[in-house]
Amino acid sequence: MQEVRHTERVSISFTLNGRPTQVDVKPNSRLLDVLRDDFGLTGTKEGCGVGECGACTVLLDGEPVNSCLVLAAQVDGHEVVTIEGLSVDGILHPVQQAFIKETAIQCGFCTPGMVLAAKALLDKNPSPSREEIRRAVSGNLCRCTGYEQIVRAVETASRMLTGFAEGGDDR
Amino acid sequence: MRYGYVRPDSLPEALRWLAQRGSETRVLAGGTDLMVQLRQKSGDLVIKSRVLEPGTLAGDGIGAGGGGGGTGEAQIWLMDISGLSELRGISEFVDRLEIGALATHTRISESILVRQRACALAEACASIGGPQIRNRGTIGGNIANASPAADTLPALVVLDAAAAVARWEDGRVKVRELPVAGLVTGPYQTALASDELIVSVRIPLLAAEARSAYIKLGRRNAMSISRLAVAAWAVLADDGRVTDVRICPGSATPRPMRFSQAEKVLLGKLPSADLVVEAARTVGDAMVAVTGVRWSTEYKRPVVEALSRRAIAAVLGLGPAGSAGPRGSCCDGGDRDGLRRLDGVIERENGR
């Protein structure tokens with residue numbers, strides 16, 4: 001049984017973007033703060049701090065969650081993937097490529113959360129309907145795009161991932 | 001405010017902790033309510049969902065004589081129970097469905113068992129927040145937080161659900177069972193003592209052919225607190241008559257309650273559009289009787305009537321095939337638009 005007073009730190013060991021990691025955190029630190037401040041992974045954004053906008057979305061054991069509502073101590077023994085964990089050696093994940101291709105990024109603030117929510121959907125449901133896509137990103141707010149390009153980007157990513165790649169530009 | 005963190009490895013450990021320090025502890029499961037409450041400007045955390053024990057708290061906040069250091073500022077313990085896997089399961093027994101308190105809304109809404117045997121609960125859980133919230137929020141937390149707008153509560157009431165509540169006593173875990181309707185006593189108030197934990201929810205499975213539904217209205221289609229909702233459950237006899245029915249609105253009363261006057265309109269009768277309208281009107285009247293006439297009544301009464309028409313039509317099998325269910329979650333592939341069309345027909349026929 002772990003018992004950590006406010007003057008002490010909680011030691012957590014977890015997998016972060018595929019790497020086993022250990023860090024000491026304050027008892028009341030949010031996962032969002034630890035990712036941004038302790039690890040410098042600022043791709044995860046704070047849009048509201050109360051779980052209403054999805055800008056802070058990360059994947060916890062493969063499932064999208066609002067990192068502003070997760071106590072850092074709770075990820076001990078679990079797997080966390082942030083937006084930085086999607087690209088490998090600088091090569092963008094198909095979902096990221098699709099977002100660029102379909103101009104689904106304007107200011108970019110919602111994008112990390114949207115991309116992770118979309119990736120989690122495609123991991124479970126490789127060929128989602130438009131309705132399923134909209135439901136999968138229903139926890140992510142976007143003030144710029146009106147969502148249409150985002151849905152299209154997920155459809156494009158789905159085609160890329162299931163092998164129906166579109167010919168043409170590799171932007 | 002100072003926070004300590006405690007993570008029990010088992011239910012008995014958790015309960016032993018609460019027996020000692022329940023009054024200085026907030027239980028953390030999914031965190032979708034607690035993590036928001038921790039940010040509230042009032043600074044001191046008010047224990048909302050636990051019964052305040054006389055003498056342990058001063059005024060509205062935690063602080064008097066608490067366990068902090070020399071400054072006298074108290075420490076609140078955040079007890080993280082998210083690791084108690086024994087509380088996560090969903091199981092079917094001969095006479096009941098048992099859902100662990102830590103089952104998430106995602107898991108409950110996707111569970112074949114729940115969709116088949118307790119559809120209204122699957123629909124209610126599917127309507128909470130968005131995917132990220134549903135992946136963390138738990139049924140135990142939704143009950144214990146006891147928001148008057150909580151989505152699981154009306155569904156649990158019409159399903160006649162009971163909560164199993166545990167505490168540490170006489171050197172062992174002791175469990176008592178009480179109806180969910182009795183556990184929630186008012187807005188953000190429950191009958192839970194500070195040393196108690198909800199461990200599971202039990203839904204009786206007495207009528208295999210019962211239908212249930214949960215219809216919710218929010219300001220948006222997702223990420224929306226329930227503005228008004230209606231849960232309904234019904235059993236029909238072989239000749240089609242209503243043998244049993246339960247109706248419970250959400251976000252309409254200080255605590256969730258069945259509207260028996262509306263139920264009586266339907267009992268023993270053959271379903272018909274007229275009957276649905278009359279029962280729905282009774283729901284509206286009953287709501288106003290409970291809450292009194294308010295500024296919102298002019299809006300809420302026709303809306304709760306409309307939601308009641310849809311929920312009642314769904315559980316009486318009146319809609320187009322499988323028309324129960326709000327957007328995005330229909331236990332039998334329901335036709336939400338069909339329900340709206342039926343509702344429109346009923347409205348026109350009744351000259352509204």
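Contact, as I use the word here, means heavy atoms within 4.5 Å. I take axes as lines fitted to C-alpha atoms, for helices over the stretch in contact, with angles from 0 to 180 degrees between N-to-C directions. Helices (H or I, at least four residues) and strands (E, at least two) are DSSP runs, numbered from the N terminus.

I am working on a predicted model, where local features need pLDDT of at least 70, side-chain atom pairs count only at pLDDT 80 or more, and totals for chains, interfaces and linings use all residues. Residues are numbered from 1 along each chain as its sequence is written, chains are lettered from A and ligands numbered from 1 in the order in which they are written, and side-chain values use heavy atoms, with hydrogens and water left out.

**Entry 1: the sheet in chain B**

I looked up the strand order and found an open sheet of 5 strands, β4-β5-β10-β6-β7, with antiparallel pairing. Two strands pair if DSSP finds at least two bridges between them. β4 (90–92) and β7 (172–179) of chain B each have a single partner strand, so one side of each has no neighbour in the sheet. From one strand to the next the twist averages 25°.

I then followed β6(B), residues 162–169. To β10(B), residues 197–204, it is joined by 5 bridges. There Ala163(B) has Val201(B) as its bridge partner, and Ala164(B) has Ser200(B). To β7(B), β6(B) is joined by 8 bridges, and Trp168(B) stands opposite Val173(B). These two strands form a hairpin with 2 residues between them, and Asp170(B) in the turn has a positive phi of about 55°.

Helix α1(B), residues 11–21, lies across β6, β7 and β10 of chain B, at about 70° to β6(B).

**Entry 2: Arg7(B)**

Is Arg7(B) buried or exposed? Its relative accessibility is 15%, so Arg7(B) counts as buried (under 20% is buried, over 50% exposed, partly exposed in between; 1.4 Å probe, protein chains only). Arg7(B) belongs to strand β1(B), residues 2–7.

Its side chain makes a polar contact with the side chain of Asp76(A) at 3.0 Å. (A polar contact is a pair of N or O atoms within 3.5 Å; within protein, one must be able to donate a hydrogen and the other to accept it, and residues adjacent in sequence count only if both atoms are side-chain atoms.) A polar atom of the Arg7(B) side chain also lies 3.0 Å from the backbone oxygen of Ala73(A).
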